[in-house]
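The chain is shown first.

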Amino acid sequence: MYECTLCTYSCKHKGDLKRHSFIHTGEKPFKCSLCTYACRQKNNLNIHLLTHTGEKPHKCAMCSYECTTSAHLKRHLATHTGEKSYKCSLCSYACTTRGSLKRHFTTHTGEKPFKCSLCSYECTTSGSLKRHILVHTGEKPYKCSQCSYACTDSGSLKKHVLSHTGEKPYKCSYCSYACTSNKCFKKHLLNHTDEMPLSEASVSILAPEVKIIIITKDR
């Protein structure tokens, strides 16, 4: 049995111990010859190289989806099967990935492991912290290809692009009204509360304040 002198890790093979030691030393011996990427395991380098070749060897048998790793394919297959194998032990929440379950669990613990080094901001995901950092740097990485508009997140850019295309994806089923934002759509639906059946389907698409209006009315 091979044991690490810096932590409690132990293994049966010397090679495994050597790979483990990279965690402590920070060494990344496997380097990409096409960019600055480096990693601790050869398998990770092989997966990275696919980003240069464009190859996606893992293919879904049920649709045209293709990806670079078996883990990504497994997560994708859950969209077909509806399987949610990761379940919360504290509530009925279930999801398709371990990462999603880990993020959900912070709603129970109140933990916010990602902290800003420039202010007191704390959050539950690395993505949220990354977006917050842009407040300090002033960087706006999402840029419109048709004008000078730039913003900090992909959602805002997507909404902005609608101003160029004229597309209005939110369409009312009670009249010809259409708009570009979910917020405006919910406000518009207030005009049709008399026409709406009190069903779970119709209530679920409305804002919380609309639910109160409908329920109060039926009483």
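Asp 16 has a relative accessibility of 24%, so Asp 16 counts as partly exposed. The classes run as follows: buried is under 20% relative accessible area, exposed is over 50%, and partly exposed lies in between (1.4 Å probe, protein chains only). This is a predicted model: local features need pLDDT of at least 70, side-chain atom pairs count only at pLDDT 80 or more, and totals for chains, interfaces and linings use all residues. Residues are numbered from 1 along each chain as its sequence is written, and side-chain values use heavy atoms, with hydrogens and water left out.

Asp 16 forms a salt bridge with Arg 19, at 2.2 Å from N to O. A salt bridge here is a side-chain nitrogen of Lys or Arg within 4 Å of a carboxyl oxygen of Asp or Glu. Arg 19 is partly exposed too, at 40% relative accessibility. Both residues sit in helix H1 (residues 14-25), 3 residues apart, or about one turn of the helix. Helices (H or I, at least four residues) and strands (E, at least two) are DSSP runs, numbered from the N terminus.

## The other salt bridges

The whole structure holds 3 salt bridges. Side chains of opposite charge can pair when their charged atoms come close. Glu 66 pairs with Lys 59, with 3.4 Å between the closest N and O atoms. Glu 66 is partly exposed at 37%, and Lys 59 is partly exposed at 48%.

Glu 122 and Lys 115 form a salt bridge at 3.3 Å, N to O. Glu 122 has a relative accessible area of 36%, so Glu 122 is partly exposed.

## Annotated spans

An unreviewed UniProt entry carries the annotation "domain: C2H2-type" for residues 2-29, 30-57, 58-85, 86-113, 114-141, 142-169 and 170-197. UniProt positions follow the numbering used here, feature names are shortened, and annotations may be inferred rather than shown by experiment.

Residues 30-57 are 43% helix and 14% strand, with end C-alpha atoms 22 Å apart. Residues 58-85 are 43% helix and 14% strand, with end C-alpha atoms 21 Å apart.

## Whole chain

The chain has 9 helices and 14 strands. Of its 219 residues, 23% are buried. How much of the contact set with a separation of 6 or more comes from residues 24 or more positions apart? The share is 0%. A contact means heavy atoms within 4.5 Å.

The accessible surface is about 15900 Å², and 53% of it belongs to carbon and sulfur atoms. Accessible areas come from the Shrake-Rupley method with a 1.4 Å probe; for residues, only the protein chains shown count as cover.
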